[in-house]
Amino acid sequence: MKNLIIAPSVLAADFAQLGSEVQMLQESKAQWIHIDVMDGVFVPNISFGFPVIEAIKKHTDKFLDVHLMIVQPEKYLEQFAKAGAHMITVHFEACPHIHRTIQQIKSLGCQAGVAINPGTPVHSLRDIIADIDLALIMSVNPGFGGQQFIPNAINKTKELARMASEAGNNKIYIEIDGGVSLANAPALIEAGANALVAGSFVFNSKDPKETISQLVGLVK
């Protein structure tokens with residue numbers, strides 16, 4: 001199994017203090033920074049786009065994990081790559097030609113991820129599991145931070161880990177996004193998750209850097 005990755009989501013940051021929030025993450029033990037891009041169409045919320053990603057990139061050398069919750073992501077992949085994304089994750093539900101989109105992401109020099117919503121079965125990824133660098137299981141309904149964790153995500157994680165192993169993709173990141181905390185992280189890790197997105201749990205805590213350290217320390 002890969003080392004555990006903690007990817008705090010800047011969607012939960014104080015946007016008025018984004019520079020200092022990114023500096024905190026830069027100084028923390030988090031390996032990745034998770035960036036949620038929402039268009040108000042695929043999900044009922046709008047977050048931010050290329051200028052914000054470019055600004056974050058200028059102030060950190062952390063791995064930028066960009067999660068596109070948008071329709072027709074293939075139109076914008078090149079711009080996200082130029083803005084500084086290292087990983088670009090698109091939603092299975094938003095891409096009718098998902099294999100082509102994966103290849104497009106890789107051709108831009110980025111790693112490719114595919115996300116599935118709570119109502120999308122894991123077996124939807126079976127035919128592409130060998131081609132992707134990351135599979136993201138949404139453990140809340142996408143669109144807003146601060147939602148309650150959906151427990152069935154643990155079962156989906158187990159199924160995804162088995163499927164990846166059967167496909168021979170032992171290098172894949174299995175990422176969980178939504179409601180992750182110290183309470184459910186151990187069960188997710190045991191199920192096979194090796195990348196955890198944490199937004200509100202980190203940024204709403206009294207000491208975000210210490211909270212990140214506690215999450216990172218779950219796997220010795």
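**Packing inside the predicted model**

In helix 8 (residues 208–216), the buried residues are Pro208, Thr211, Ile212, Leu215 and Val216; buried means under 20% relative accessible area with a 1.4 Å probe, protein chains only, and helices (H or I, at least four residues) and strands (E, at least two) are DSSP runs numbered from the N terminus. Viewed down the helix axis, these buried residues fall within an arc of 140°, so they line one face of helix 8; the arc is that of the directions from the axis to the C-beta atoms. They pack against strand 1, helix 1, helix 6, strand 8 and helix 7, where contact means heavy atoms within 4.5 Å.

This is a predicted model, in which local features need pLDDT of at least 70, side-chain atom pairs count only at pLDDT 80 or more, and totals for chains, interfaces and linings use all residues. Residues are numbered from 1 along each chain as its sequence is written, and side-chain values use heavy atoms, leaving out hydrogens and water.

The largest nonpolar core has 63 residues; such a core is a set of buried Ala, Val, Leu, Ile, Met, Phe, Trp, Tyr and Cys residues joined through side-chain atoms within 4.5 Å. Helix 5 (residues 152–166) gives the most to this core, with five residues.

Now to the rings: Trp32 and Tyr173 form an edge-to-face aromatic pair, 4.8 Å centre to centre with 70° between the planes. Rings of Phe, Tyr and Trp (its six-membered ring) pair if their centres lie within 6.5 Å, and planes under 30 degrees apart count as stacked, over 60 as edge-to-face and the rest as tilted. Both Trp32 and Tyr173 are buried.

Methods. Buried < 20%, exposed > 50% of the residue type's maximum accessible area, 1.4 Å probe, protein only.
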